[in-house]
Amino acid sequence: MIIEIDFNSEEALYLQLRNQIVMGIATAKFQEGDVLPSVRQLADDIGINMHTVNKAYTVLKQEGFVKVDRRKGAVIALNIDKLRTLEEMGQELRVIMAKAICKGISKEEVHDMIEEIYEEFGGALVE
């Protein structure tokens, strides 16, 4: 598993790790049932504190991306409740859209960007 952490970024390390795992799932680098490295192993590989990895795994578990198996460790488990996810996305998008409107970004530009990003992850927009 290749995870790249930007130690100069203002984004918290655990969030960078969480985001890269989520993007790995979205791009099919990680599949349902894949076992993530142990907290200790990933911390050693990346060169970060074990507590940071543990926090990222905890967030992933809370968000429904992984489950913790006593024998295997953290396992990709995509049993996310779709309605809850849509609600969370709506809350995040409201802030993003407010920023876009303040900067004069058009609805068409937003649609084009969403379509481009969605296609990056192998999706096909339903029309």
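**A hairpin, a salt bridge and a buried valine**

In this predicted model, strands β1 (residues 66-69) and β2 (residues 73-76) run antiparallel to each other and are paired over four bridges. The two strands form a hairpin, with three residues between them. Within this pairing, Val-68 stands opposite Ala-74 of β2. In a regular strand, side chains alternate between the two faces of the sheet.

Side chains of opposite charge can pair when their charged atoms come close. Here Glu-63 forms a salt bridge with Arg-18, and their closest N and O atoms are 2.7 Å apart. Arg-18 counts as buried because its relative accessibility is 18%, under the 20% cut-off. Glu-63, at 23%, counts as partly exposed. The count for the structure comes to one salt bridge.

Another charged side chain meets a ring. The charged end of Lys-55 sits over the ring of Tyr-14, at 4.2 Å from the ring centre. As for pairs of aromatic rings, a search of the whole structure finds zero.

Leaving aside residues up to four places away in sequence, Val-110 touches Met-97, Ala-100 and Ile-105. Leu-13 lies 97 residues from Val-110 in sequence, and their C-alpha atoms are 28 Å apart in space.

Terms used:
Residues numbered from 1 in each chain as written. Predicted model: local features only at pLDDT ≥ 70, side-chain atom pairs only at ≥ 80, totals over all residues. Heavy atoms only, no water. Contact = heavy atoms within 4.5 Å. Pairing = 2+ DSSP bridges. Phe/Tyr/Trp six-rings, centres within 6.5 Å; stacked < 30°, edge-to-face > 60°. Lys NZ or Arg CZ within 6 Å of the ring centre and 35° of its normal. Salt bridge = Lys/Arg side-chain N within 4 Å of Asp/Glu carboxyl O. Buried < 20%, exposed > 50% of the residue type's maximum accessible area, 1.4 Å probe, protein only.
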